[in-house]
Structures are given as C-alpha cells and as structure tokens.
There are 2 protein chains.
Amino acid sequence: MKLYDLELSGNCYKVRLFAALANIELEIVPVDFLAGEHKGAAMLALNPFGEIPILVHGEVVLRDAQAILVYLARLHDLESWLPSEPQQMAEVQQWLATAANEIQHGPNAARLVDKFGYELDKPTTLVTSARILGLLNDHLTEHDWLALGHPTIADCAVMPYVAIAPEGGIALDDYPNVLAWIDRIKQLPGFIGMPGQV
Amino acid sequence: MKLYDLELSGNCYKVRLFAALANIELEIVPVDFLAGEHKGAAMLALNPFGEIPILVHGEVVLRDAQAILVYLARLHDLESWLPSEPQQMAEVQQWLATAANEIQHGPNAARLVDKFGYELDKPTTLVTSARILGLLNDHLTEHDWLALGHPTIADCAVMPYVAIAPEGGIALDDYPNVLAWIDRIKQLPGFIGMPGQV
C-alpha cells in the first residue's frame with residue numbers, strides 16, 4: 001500500500017499518524033512538492049486535483065486525507081477508530097467535515113501563507129482559525145476526544161494542522177483544552193510526530 | 001426525525017434532497033435565519049457551531065450536512081447511496097470532503113457575498129469556484145455520476161451549491177458536463193428543487 005507523501009504536509013501526516021496508531025504498514029513514496037511533482041502528469045493521472053496525499057492499494061486509488069482514513073479504518077474493520085453503527089459513524093463524520101472545512105481554511109491556510117508563500121487572505125484565515133479553535137477548546141472542556149469518548153479518525157483528521165498552527169502565526173496558549181488534547185494524542189501507543197508540531 | 005432547516009440554505013437542501021430521493025420522511029422545522037435564530041441559545045445547545053442544518057432523531061443530534069447524509073444512508077442501510085464496502089465508501093467520501101472544502105469555499109461563499117452580504121474575499125471565492133467547477137466538468141466527461149457509476153450521497157452533497165452558483169455571479173455555461181449532470185439528478189424519481197437552482 002503506497003502513500004504518496006510530503007513530510008511537511010499536515011494532510012499527509014493525518015494518514016501517517018493513523019497508520020502508525022493503528023499499526024497499518026505503508027510504503028511511503030516521497031513527492032517533490034517544491035519542484036511541483038504533484039502537479040505533473042504522473043501524479044495528475046492519480047489525482048486530477050493535483051494534491052497529496054494519494055493512497056494506492058492495488059487498483060484502489062484515493063485522494064483526500066479524510067477519505068483515505070475512512071478507507072483504512074473500514075478496510076481493517078477498525079470499529080473503534082470508525083464505527084459502522086450509523087450514529088457513531090456520523091459523529092466521527094462531523095469532524096471529518098470540520099477538518100476539510102474550517103481546519104483547512106483556518107490554521108492550514110494561515111500556515112500556507114507564512115511557510116510556503118501562498119497568496120491567500122491571511123486575515124480571513126486568522127478569523128476562521130480563532131473561531132474553530134474556540135469551538136474546539138469549548139468542546140474539549142467536557143470531552144477528552146473529539147467523538148465517542150475515545151480516539152477515532154476524527155482526532156487524526158483534526159489534530160495535525162491544529163498542532164502546527166504556530167507555523168501560521170497562531171498561538172495556542174489561549175486554548176488550554178486543545179493543548180491537553182494534543183498531549184493525549186501524543187501519549188497514544190505508536191504515536192509519531194511531524195516537524196513544527198507543538 | 002426533525003430537520004432544522006432554512007429553505008434558502010444549500011446545506012439544508014442537501015438533506016431535503018436526499019430524503020426526497022431516498023423516500024425518508026423528515027419533519028421540517030424552519031429556522032428564522034435572518035433573525036439569527038441559529039445563533040440563539042436554543043439552537044446553540046443543539047449545535048455549538050451556530051449553523052444549520054441540524055438533525056434530531058430521538059437522542060441523536062447531528063450537525064453538518066455531510067454527516068447527516070452519512071447517518072441517514074447508513075441508518076436505512078441504503079447500500080446504493082453509501083456502500084459499506086471500504087473502497088466504495090471511500091470513493092463517496094472523497095466527494096463529501098470536496099463538498100465541505102472546495103464547494104463550501106467556492107460557489108457557496110461567492111453566493112454568501114452576493115445574496116446575503118457576507119464580508120468574504122469575493123475574488124478568492126471565484127478562483128476557488130473556477131478550479132472546482134473545471135475539475136467537476138472534467139470528471140463528468142467520463143462519468144455520469146460523481147462516484148460508483150450511479151447516484152450516491154456524493155451527488156446530493158456536491159450538486160446543491162453548484163446548481164445555485166449563478167446567485168454568486170458564477171455562470172455555468174462553460175461547464176456543459178456539470179449542467180448535464182445537474183439535469184440527470186433532476187430526472188431522478190422523487191427529486192425536489194430549491195429556489196435559485198439552474
């Protein structure tokens with residue numbers, strides 16, 4: 001099972017992190033992001049969106065980190081990480097949407113500006129970040145994990161860009177419950193980190 | 001099963017559309033969006049994000065249209081709309097992420113500016129829209145449906161804000177495959193529309 005990967009990508013790290021926690025073996029294929037390899041013909045044939053991560057498993061080719069997390073969890077029947085029961089699956093799903101929406105356009109986008117020079121509207125990314133970090137911090141007042149009272153792929157999808165938010169100029173000091181949650185994830189057996197993580 | 005709803009919300013329409021197509025009965029609870037009811041204490045108790053749709057089914061309370069689609073499909077064991085097989089589930093999931101990411105921040109955001117006066121960066125929404133509409137149009141050159149060769153909740157999640165993109169100043173004439181796909185959805189038994197739809 002091949003993961004087309006960039007070490008500095010939080011989206012790629014979502015998959016590496018979950019695979020490490022769930023003891024799933026991945027063959028890491030580094031992509032030369034700075035040279036634009038992800039926009040080249042070979043990669044576009046795998047993912048027309050021109051983005052990584054991409055997972056290739058036999059004839060299965062998947063884009064989008066959240067979709068890859070769903071695939072890996074269901075493929076290995078990891079009920080604890082993504083239950084098949086409807087309510088529990090949907091409770092995890094809510095946070096996958098948050099990862100693709102508010103986290104992507106908040107802390108991820110802010111970091112893209114500061115670290116990679118993307119021409120995005122930085123003030124908007126900071127407003128989006130403050131809102132979602134506040135919501136996360138409030139949620140984590142009464143919950144140790146995002147969903148279901150235990151670690152799920154929701155935590156793997158949301159945490160990566162939150163934990164590297166300072167690389168986008170966003171301090172996490174005002175969000176103590178978020179920091180405590182990141183620390184809980186770090187204590188999970190098999191945890192691996194990524195560069196820049198708090 | 002109650003859906004807290006706004007007729008003019010494409011996110012609410014995702015749920016109404018799927019329920020109509022899949023013959024699922026919903027009790028529609030209109031929310032006075034213009035008066036800010038979704039930001040009031042009663043609604044925030046159901047969804048701290050201050051957004052609709054919200055689905056309430058007994059003790060189940062769900063935010064996020066995509067999560068609600070997943071819940072309804074799995075609750076009713078609608079394998080055709082959301083398969084439980086890992087690869088097929090993940091192929092649908094890719095497009096749920098697209099709905100929460102590019103569609104939300106492209107055509108949805110552009111319409112929020114034009115129709116509801118949101119102070120978002122309109123040029124950025126247009127760039128995001130052009131990219132995702134081009135990708136959709138290319139994908140639909142060789143596919144009649146977004147995933148699996150037949151209608152799924154992916155179509156219900158992605159189509160709504162695409163079909164009302166002109167309300168955000170985005171013409172769809174350059175995307176003939178997208179228009180043909182919208183027409184195919186309109187031909188499905190049980191289809192219902194929403195105001196402003198092409």
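Author: In this predicted model, about 1300 Å² is buried between domain 1 of chain A and domain 2 of chain A, with 75% of that area on carbon and sulfur atoms. Of the area that domain 1 of chain A buries against domain 2 of chain A, 34% is supplied by A:L8, A:K14 and A:Q66, more than by any other three residues. The domain assignment places domain 1 of chain A at residues 2-75 and domain 2 of chain A at residues 86-186. Their C-alpha centres lie 20 Å apart, and the contact takes 15 residues from domain 1 of chain A and 16 residues from domain 2 of chain A.

As for polar interactions, the count of salt bridges between these two domains is 0, while 3 residue pairs are found in polar contact across their interface, both residues being at pLDDT 80 or more. On the side of domain 1 of chain A that touches domain 2 of chain A, the elements giving two or more residues are α1 (10-21) and α3 (65-75) of chain A. Of the elements on that side, α1(A) gives the most, with 7 residues. By class, this side of domain 1 of chain A comprises 9 nonpolar, 4 polar and 2 charged residues.

The contact between the chains may now be set beside it. Chain A and chain B bury about 3000 Å² between them, 63% of it on carbon and sulfur atoms. Of the area that chain A buries against chain B, A:F49, A:Q93 and A:Q94 supply 19%, more than any other three residues. Each chain is represented in the contact, with 33 residues from chain A and 33 residues from chain B.

Between chain A and chain B the count is 2 salt bridges. In a salt bridge, the side chains of A:R131 and B:E51 meet at 3.2 Å, N to O. The elements that give two or more residues to the side of chain A that touches chain B are β4 (60-63), α3, α4 (86-116) and α5 (122-142) of chain A; α4(A) gives the most, with 16 residues. That side of chain A has 18 nonpolar, 8 polar and 7 charged residues.

Aromatic rings complete the picture. Over all chains, the structure holds 6 aromatic pairs. The ring centres of A:F49 and B:W95 are 6.0 Å apart and their planes stand at 70°, so this pair is edge-to-face. A:F49 lies in the loop between α2 (41-46) and β3 (54-57) of chain A, and B:W95 in helix α4 (residues 86-116) of chain B, so the pair joins two chains.

How values were computed:
Residues numbered from 1 in each chain as written. Chains lettered and ligands numbered in written order. Heavy atoms only, no water. Domains from an automatic or database assignment. Contact = heavy atoms within 4.5 Å. Buried area = accessible area lost by both parts, 1.4 Å probe. Salt bridge = Lys/Arg side-chain N within 4 Å of Asp/Glu carboxyl O. Polar contact = N/O pair within 3.5 Å; in protein donor to acceptor, adjacent residues only side chain to side chain. Helix = DSSP H or I, 4+ residues; strand = E, 2+ residues; numbered from the N terminus. Nonpolar A, V, L, I, M, F, W, Y, C, P; charged D, E, K, R; others polar. Phe/Tyr/Trp six-rings, centres within 6.5 Å; stacked < 30°, edge-to-face > 60°.
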